[in-house]
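Here is a protein model to explore with the viewer open.

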Amino acid sequence: TYEELGRPDVANEDYKKSIELRPDYSHGYAHIAQLYARRGDHVTALHYFELAYRYSPYSRYFKKLYDEARARSGEAVTTSKNDISFSANYVEKAIAELQEHEKRQIRQACAVINERVERIRSLIVYKGTAPVVHYTQLRTADIMVMNAEARLRYSNVVFMNDPEEGKVLLDFLLDTDMRVSFERGTRQEDNNIYLGSFLPEEKADYLVMWRTYGKNELKEEAAGCSITLRRNFFDKQDAGLYTDMQFGKVDPTDRQALYHVLYYDKGKGLMVADGNKEMIDNVTEQIAKLQQELTALLKLKAADDINDTGVKNTAINKFIYRYVSELRYFFKSSDYQFEKELRVIKFYMPHDEAVKTDRYATELPRRLYIESTNTTRPHISKIVLGPKVPHPERWMYMDVVMKQNHHDMKMEVSKCKFQ
């Protein structure tokens, strides 16, 4: 698009033509608003965000954008009793008991941080067209092939195997005071983040991956499979971790985008470029600005509340936790750089009906998960059986089923020499 090519004026004209043809097109107004917001013209941006919401009054997504634009101007944002899912309302509920001048300071600080976080996410979203690979058990592949309505599961991050998962960003983003604030905010919050892990297409038959991820139900290495999914299984962008864009059954704005994982070299104290130097340089610059903005928010704490038990400091701790959590699962140690991992990461409140429990688990504790927006079967382009799968010829029924349902898929056996 013209926006991605660095031609925002042309993009703006295109968006304006779209709303001339369809005056109730909320997405057009929202895109125009975001262009003005990036220029720093928040007054004009607020006008267009308001129009986007006016034409979709039942959409929590456009309500989110409008409320955040209002918060950037320091305006109070009203919230319903139970609606704390997204940033502006979440902030408003947490600071409800504070004095008006305190509220205004916090609203403005949080709005700036929220915009910075969204900017970082936009830099690392996957813009490629190539398919991606997911390693899993053969039982999962069977379900995806045999059930036309099957969807991929994204598990809660508490089930990740890497003990450093989610901690790498904290090491280089947070100083001592911010880390204390983050930890105290953690105690106030549930861990409501869900994650799906994918790899580049060329790693569909990769020895190290068979050892690490390609296991079967008995945890035997290289006895699982890899599934290659076409690029259109995922969206090109989403609106952040929060699920407030949902209304009805599935709102089309509840998008699930792929993001690049960024790798941090702790010894060198910097992120590893690995062919994406421009992206890494831009993210590094934005992270430095985020540090400054988080520090500014931290300075709004009440100095006499040393233990952070008061409403104001408790709220600020929660906000720091929330904003850092928006990004921390996009970062891993440079030890894993060879993976070139891509991720879907979403945030869902515990009461959201999208959060499911594995009712058919054969072991405890049961997993919490969400499902992919799209069904899986039409998007599978290849399945590779692991090098230790016994009698691989017996799994060729999946190839038959896919052909019978008019889906073009390759079925292969790993060529890796696995000992």
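## The big picture

Let's start with the overall count: the chain has 13 helices and 13 strands. Keep in mind that this is a predicted model. Of its 419 residues, 52% count as buried, and the chain exposes about 20700 Å².

Now for the aromatic side chains. A pair of aromatic rings is described by the distance of the centres and the angle of the planes. In this model the count comes to 14 aromatic pairs. One of them is Phe172 with Tyr264, a stacked pair with 4.2 Å centre to centre and 20° between the planes. Phe172 sits in helix H8 (residues 168–173) and Tyr264 in strand S6 (residues 262–265), so this pair links distant parts of the chain, 92 residues apart. Both Phe172 and Tyr264 are buried.

Tyr259 and Phe330 make another aromatic pair, and this one is tilted: 4.9 Å centre to centre, with 55° between the planes. Tyr259 belongs to strand S5 (residues 259–260), while Phe330 is in the loop between helix H12 (311–325) and strand S8 (331–333), so the pair ties together parts that are 71 residues apart in sequence. Are these two buried or exposed? Tyr259 is buried, with a relative accessible area of 2%, and Phe330 is buried too, at 0%.

## A ring cluster and two charges

Look next at Tyr29, Tyr36, Tyr48 and Tyr55, which ring pairs link into a cluster. Elsewhere, Lys332 lies over the face of Tyr336, at 4.4 Å from the ring centre.

While you're at that end of the sequence, find Asp24 in the loop between helix H1 (8–21) and helix H2 (26–39). Asp24 counts as partly exposed, because its relative accessibility is 42% and that class runs between 20% and 50%. Asp24 and Leu51 are 27 residues apart along the chain, and their C-alpha atoms are separated by 8.7 Å.

## Strands side by side

Which strands make up the open sheet of 3 strands? The order is S7-S6-S8, and the pairing is mixed. Strand S7 (270–271) and S8 are the edge strands, since each pairs on one side only. S6 and S7 pair in the antiparallel sense over 2 bridges. You've met Tyr264 already as part of the stacked ring pair; its bridge partner in S7 is Met271.

Another set of pairings involves strand S2 (residues 151–156). S2 and strand S11 (residues 368–375) pair in the antiparallel sense over 4 bridges, with Tyr154 standing opposite Ile370 in S11. S2 is also joined to strand S3 (residues 193–200) by 2 bridges, again antiparallel. There, Asn156 has Tyr194 in S3 as its bridge partner.

Val344 is found in strand S9 (residues 342–347). Why does Val344 count as buried? Its relative accessible area is 1%, and buried means under 20%.

So what does Val344 touch? Leaving out residues up to four places away in sequence, its contacts include Tyr154, Tyr194, Phe198, Phe234 and Gln256. Val344 and Tyr154 are 190 residues apart along the chain, yet their C-alpha atoms are separated by 8.1 Å.

## A helix with two sides

Last stop: helix H13 (residues 397–404), where Met398, Asp399, Val401 and Met402 are buried. Why can we say that they line one face of the helix? Seen down the axis of H13, the buried residues fall within an arc of 160°, so they line one face. On the other side of H13, Lys403 and Gln404 are exposed.

What do the buried residues of H13 pack against? Their partners are helix H7 (138–146), strand S12 (380–385) and strand S13 (410–413). After H13 comes His406, whose phi is positive, near 65°.

Key: Residues are numbered from 1 along each chain as its sequence is written. This is a predicted model: local features need pLDDT of at least 70, side-chain atom pairs count only at pLDDT 80 or more; totals for chains, interfaces and linings use all residues. Side-chain values use heavy atoms; hydrogens and water are left out. Rings of Phe, Tyr and Trp (its six-membered ring) pair if their centres lie within 6.5 Å; planes under 30 degrees apart count as stacked, over 60 as edge-to-face and the rest as tilted. Buried means under 20% relative accessible area, exposed over 50%, partly exposed in between (1.4 Å probe, protein chains only). A charge sits over a ring if NZ of Lys or CZ of Arg is within 6 Å of the ring centre and within 35 degrees of the ring normal. The arc is that of the directions from the helix axis to the C-beta atoms. Contact means heavy atoms within 4.5 Å. Two strands pair if DSSP finds at least two bridges between them. Accessible areas come from the Shrake-Rupley method with a 1.4 Å probe; for residues, only the protein chains shown count as cover.
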